[in-house]
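Hello,

Here is the structure I promised to hand over. Please look through it first, then read my notes below.

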Amino acid sequence: MGIVHFVRGAAAVALAAMAAVPALAQDVRIGYAISRSGPGAPGAQTSQEPNYIMWAEQVNAAGGLNVGGKKRKIELIGYDDRTDAETMLRTYEKLMTSDKVDLILPPWGTGLNFALMPLAQRHGYPMLSPTATGRKLLSLKNPYFFPLLQQPDVMMEALATFLKARGTKTAAVVHVDELFGLEQAAALEKAFKEKGIQIIEKKSYPFGVKDLQPVLRDIKAKEPGAFIALSYPPDTFLITAQSKALAFNPSAFYAAVGTAFPIYRDKMGAATVEGVMGLGTWNPKSGPAAKAYFDAHVARWKKEPDRWASAHCWAGLQILQQAVEKVGLDRKKIRDYIASTEFDTVIGKIRFKNGENVSTPGVVSQWQNGEFEVVWPPERATASSQFPKPGWN
Amino acid sequence: MSLWFELIASGLITGGIYAVVAIGLNLQYGLMRILNISHGEFLMLGAYLTWLAHTVLQVNPLAFLPVVALVMFVAGVLVYRLCFYRIVSTAPAVEVIEARSLLVGFGLLYLVQNLAYLAWGADLRGYSFLVETLEIGGARFNLNRVVVFGFAMAASLALLAVLRFTLIGKAVRAMMQSPTGAQLVGIDTKVLHPVVFGAGLALAGVAGALLSTVFEISPAMGEPYTVTALIVIVLGGLGSALGSLLGGFLLGLVETFGMHFTSPSLKMVLSYGVLIAVLLARPKGLFTR
Amino acid sequence: MNSRHALLALLAGGLALAALPWLLSDFLLALALSCVMYAGLAVSWSMFCGPTNYLSLATAAFFGLGTYVTAWGAGALPYGLSVLAGGLVAAGFAALIGAAVLHLRGAYFAVITFGMGELVRHGITYYEKAFEGTVGRIIAEAPESTTVYWMVLLVSMGAVAAAVLVRDHRLGLALRGIGSDEERAQTLGVNARRSKIAAFALSAFFAGALGAAMAVRWTYIDPLTVFNPFIGFQTVLIAMVGGAQTILGPIASAVVFGLLTEFLRLQFPYLFLVILGFLLILLVLYLPGGIASLFERWRWRRGNV
Amino acid sequence: MSEPLLAARGVSVRFGGLVAVDGVDLDVRAGELVGIIGPNGAGKTTFFHTLSGVLAPTAGRVLVGGDDLTGKPPHAYAAHGVARTFQTPRVFKEMPAIDNVRFGLEFAGRTRQHAHDAFDEAETILEFLGLADVAAVPAGGLTPSRQRLLEIGMALGARPRVLLLDEVAAGLTHAEVDASAQLIRRVRDELGLAVVWIEHAVRVLMNYVERVAVLHQGRKIADGDPRAVAKDPAVVEAYLGEEGEPERRAA
């Protein structure tokens with residue numbers, strides 16, 4: 001029976017082939033696994049990996065990362081995790097224990113970040129995660145985990161406040177049956193209750209749905225003051241197109257993830273999306289840093305960054321850079337520094353408290369003339385809101 | 001009244017799209033026992049071709065349909081010759097053809113989908129087309145959906161007509177019923193197999209082109225359609241083109257009505273529930289004898 | 001080779017593999033874990049599908065059910081019991097659906113087993129949402145990665161042992177008869193329904209137990225991750241490429257496939273799936289008997305010398 | 001008179017509007033060798049299907065050893081000692097010939113012991129059939145006539161009490177037919193089986209069986225001594241419709 005020999009032989013071959021990449025002297029080696037294929041790929045390739053690559057290029061063009069007063073180039077080591085938890089874990093095990101990279105960048109999405117957290121803690125690698133959100137993540141109290149996005153309750157609180165200020169009395173809610181949709185929906189219900197906005201209809205639907213017209217039709221008949229879809233990109237597009245077909249035009253029309261993608265405007269048509277609100281944090285008008293980031297992204301990738309997670313991702317990279325330049329490559333010190341310092345980033349000041357980004361407020365954005373304008377809170381607004389929403393075009 | 005009309009129309013539109021995706025796959029399976037799991041990948045190629053033509057050359061997607069059909073037909077003949085011919089001609093039994101074609105289908109799925117990732121990236125793509133609203137009998141629909149439905153029906157019915165009334169169509173139907181019998185009366189499988197495989201991919205490509213006018217596209221967009229197509233052809237009966245058409249409608253209606261009368265969350269549970277119920281009652285699908 | 005020799009060889013192989021945690025780095029151990037897991041899945045799949053010529057796509061469902069048993073029992077059940085319970089739940093589920101759908105054949109069976117898997121996934125999603133108010137579950141207390149490796153190795157060894165025993169005993173003969181001509185087998189006294197259900201459930205037991213054993217690695221369990229059809233397809237692929245009529249074929253295939261995929265993934269981070277697809281097509285076209293046919297050839301050549 | 005080992009009581013089979021078997025009664029006792037003849041489409045094979053559980057009768061009952069097995073699956077019949085062959089051999093093609101024979105021994109034959117030990121080993125059965133030299137050859141690789149013999153071996157492996165033979169002589173040479181027939185008689189004599197033998201070629205059957213039943217358009221039109229049956233006007237009439245009377249063909 002040759003299995004044992006076979007396995008031994010194969011393992012030897014694998015050892016030789018996958019031996020740790022020898023460290024080039026002086027380079028700062030930063031590793032990550034990201035979804036280049038599988039269900040996570042569209043999101044990861046819109047909001048995450050392009051930023052990793054552009055950041056390394058920019059830092060290197062400027063001479064490198066300043067480590068203890070010495071400029072060192074960044075060597076980026078990125079692999080495809082196929083949006084598969086086990087492949088992702090194995091890749092980080094290689095990066096952390098075999099390649100012994102200096103730093104890591106997190107994978108895409110809430111599920112994969114969850115799976116990576118224990119490993120990151122065991123080997124002491126800080127995770128500045130741009131695409132993971134939910135109180136459940138924070139409930140693990142992992143000291144190495146720093147999610148950059150706003151938590152669902154913060155986002156929904158802002159939305160409720162915004163709507164309340166405009167006299168909204170009733171709302172209808174639909175949400176996708178995923179952790180994201182459920183957490184957002186729960187947060188929204190709580191916030192609306194506090195603000196006295198009545199939810200007159202609440203429906204959920206499974207991910208991957210191709211027709212929601214019957215649901216939207218029922219909701220239209222109830223004439224809610226606001227319509228909130230806690231949706232993912234494919235359903236965000238679907239809900240927009242079908243609401244338009246039904247001429248369902250409430251005073252506030254809000255869809256969560258995907259509204260911030262430039263492709264949303266391009267696919268639906270800039271005229272169609274006029275007045276649609278959604279999850280966003282910034283746009284090029286938010287400030288000079290935002291403008292610089294936006295221009296660099298367009299120059300490098302020939303496409304605009306999305307108006308939500310992309311900039312959070314960039315902010316995470318800025319935080320990492322500032323931490324390294326301050327305390328060097330000792331990861332424990334980097335962690336402590338991130339946990340205790342307020343940083344200046346492309347989306348403004350960021351400070352973490354018990355792992356939560358407590359500086360970035362809940363934001364409401366709205367498409368106006370082809371730009372996803374920030375309309376709430378007032379101190380971040382780049383335009384005043386259109387309320388009620390104009391009719392569909 | 002108008003509610004019923006809208007629900008039925010909504011279900012038929014969804015079902016018509018399912019049907020056109022399924023028919024091509026069913027032809028290939030019915031004739032050659034090739035279970036081409038990469039069907040959706042060719043749908044995706046059709047979608048990207050149309051997207052490129054529209055965004056780069058400003059071609060009307062509907063005018064571009066014949067080009068997509070032709071390109072995918074040629075691709076289908078090539079794919080058949082390179083990948084499936086050897087399997088169909090050397091396998092000792094139909095189960096073996098099914099199994100091996102499934103594996104080759106997986107290979108093609110990886111190959112084509114990831115070539116698309118390399119070529120166009122993973123980003124969602126799309127273009128805006130016929131986003132106006134159409135009002136029929138008090139019910140309102142996206143114009144592009146209705147147009148897609150119209151073209152999908154035209155393609156499906158044209159195919160059914162070809163199968164029923166032309167010589168080659170009759171040959172295909174004869175072969176689906178009895179491969180050896182048809183060979184005895186002199187039907188040349190060397191020509192028929194690549195042509196039918198090409199026609200299957202052409203239909204997939206056309207479906208993709210049509211879908212690109214409604215939905216955003218990405219390299220992985222094909223997989224769910226392959227799964228839906230498999231459900232539809234099993235519902236309607238393997239090897240029955242008409243069955244696929246009716247199976248598509250049935251699934252579309254079940255989803256729409258289910259969503260309205262129960263909860264949208266139960267949509268998938270309902271679809272699979274219907275599939276399982278049908279197969280328990282009629283193990284060969286609804287529309288086979 | 002008779003059962004006793006095969007089982008002794010298996011035991012020796014298992015003991016050798018059990019030593020890997022002391023020999024390999026964390027990464028290579030994770031790679032070994034993945035190979036061992038897929039070997040177990042592929043062998044358990046072949047146990048039923050190989051001799052009967054059924055094409056089951058329910059592996060992902062069994063695996064996912066197993067992970068959910070661990071997630072539901074997290075904190076209450078010790079690890080070993082979770083694995084056992086995961087296997088039993090999957091086996092029970094398999095017996096249930098087997099009773100309903102095992103009269104179907106070919107593509108019908110393939111599609112309906114896939115449908116059953118999706119039904120379970122959506123059913124669990126709906127249940128969790130409606131009655132627990134969430135979709136994901138956290139497994140906060142995870143055993144050491146070496147413990148997980150040993151557990152997965154143990155289950156996979158169990159799968160191989162079961163496959164050997166089934167092959168060499170009446171159940172295996174019955175399954176081969178059913179695969180060849182079910183009605184003929186029945187007229188010779190085989191209770192086809194009972195044999196199929198028993199083998200289907202046995203094969204599901206190992207898939208479920210492997211799911212339950214692996215769950216603790218992922219911290220967060222949600223239906224989309226653990227009912228990943230990818231796991232099921234990969235299993236079928238490995239088993240068929242290896243040669244589902246054999247036991248050694250799927251094992252070898254899992255190792256070759258695991259190492260090759262990883263090697264390509266690390267060497268060609270953008271191109272690897274294209275290469276993999278291409279290799280797969282070549283393999284099916286030019287080695288239609290699977291990896292097992294290489295052994296045959298080799299054995300035959302050696303016999304002739 | 002002893003209890004019939006196999007009894008059909010008013011067995012009918014309908015496919016849609018077509019009546020394939022119409023109210024057939026048949027009793028077979030231990031040690032009997034009964035032939036069933038009939039023109040093409042008379043329902044012989046369909047009747048056999050009901051006797052072995054492959055097909056459930058639309059009406060009527062089938063009893064084996066006094067137990068009503070109507071509607072039970074084929075393995076229940078096999079367990080009660082009914083073994084059969086098929087018109088076109090259905091051997092397990094990938095398995096060696098010897099495993100084909102062993103198959104019955106492992107399942108239906110497992111619980112029964114023959115009075116005579118000669119047929120308790122797969123090797124003996126193969127030897128008996130003259131197939132010992134191809135024991136290790138996959139059954140699919142045997143010639144059609146040897147596959148036919150192997151079919152009998154498979155049925156014998158099930159250690160039957162009732163042996164149902166469906167046109168085992170078709171396609172065999174005269175010498176082979178004669179050998180098979182001798183074999184069947186010997187089996188019957190040594191093991192005391194009840195044998196029911198369908199044959200389309202009447203001559204063969206008439207020479208070997210002690211009793212013959214005639215099916216015509218699904219009905220049993222005669223049952224008794226071969227010589228008497230051959231002279232029965234109804235039988236002659238039935239066969240005239242096809243290719244002349246049985247006597248003439250037998251001559």
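**Chain D: charge and overall build**

In chain D there are 27 positive and 33 negative side chains, and the centres of the two sets lie 3 Å apart. Lys and Arg count as positive here, Asp and Glu as negative, while His and the chain ends are left out. Each charge is placed at NZ of Lys, CZ of Arg, CG of Asp or CD of Glu.

A word on the ground rules. This is a predicted model, where local features need pLDDT of at least 70 and side-chain atom pairs count only at pLDDT 80 or more, while totals for chains, interfaces and linings use all residues. Residues are numbered from 1 along each chain as its sequence is written, chains are lettered from A and ligands numbered from 1 in the order in which they are written, and side-chain values use heavy atoms, without hydrogens and water.

Chain D has ten helices and ten strands. These are DSSP runs numbered from the N terminus: helices are H or I with at least four residues, strands are E with at least two. Its radius of gyration is 17 Å, close to the 18 Å that the globule rule gives for 251 residues, so chain D is as compact as a globular protein of that length. The radius is taken over C-alpha atoms, and the rule is 2.2 Å times the number of residues to the power 0.38. Along the principal axes, the C-alpha atoms of chain D fill a box of roughly 50 × 40 × 40 Å.

Of the 251 residues in chain D, 57% are buried. Buried means under 20% relative accessible area, exposed over 50%, and partly exposed in between (1.4 Å probe, protein chains only). The accessible surface of chain D is about 10,100 Å², and 51% of that belongs to carbon and sulfur atoms. Areas come from the Shrake-Rupley method with a 1.4 Å probe; for residues, only the protein chains shown count as cover.

Now contacts, meaning heavy atoms within 4.5 Å. Among contacts in chain D with a separation of 6 or more, 66% are between residues 24 or more positions apart.

**Details in chain D**

Start with helix α1 of chain D, residues 44–52. Eight of its nine residues are buried, so the helix is largely enclosed by the rest of the structure. The buried residues include Phe47(D), Phe48(D) and Leu51(D). After α1(D) comes Gly53(D), with a positive phi near 85°.

Glu167(D) sits in the loop between β7 (162–166) and α6 (174–191) of chain D. Its phi is positive, about 50°, although Glu167(D) is not a glycine. Glu167(D) is buried, at 11% relative accessible area.

**Details in chains A and B**

Lys141(A) lies in the loop between α6 (135–139) and β7 (145–147) of chain A. Lys141(A) also has a positive phi, near 50°, and is not a glycine. Lys141(A) is exposed, with 71% relative accessibility.

Chain A has a cis peptide bond between Trp376(A) and Pro377(A), with omega about -5°. Another cis peptide bond joins Phe387(A) and Pro388(A), with omega about -5°. Pro377(A) is in the segment after β17 (371–376) of chain A. Pro388(A) is in the segment after β17 too.

In chain B, look at His39(B), in helix α2 (residues 39–57). His39(B) is buried, with a relative accessible area of 0%. Its side chain reaches the backbone oxygen of Val21(B) at 2.9 Å. Leaving aside residues up to four places away in sequence, His39(B) touches several others, including Val21(B), Gln28(B), Gly200(B) and Thr226(B).

Best wishes

Key. Polar contact = N/O pair within 3.5 Å; in protein donor to acceptor, adjacent residues only side chain to side chain.
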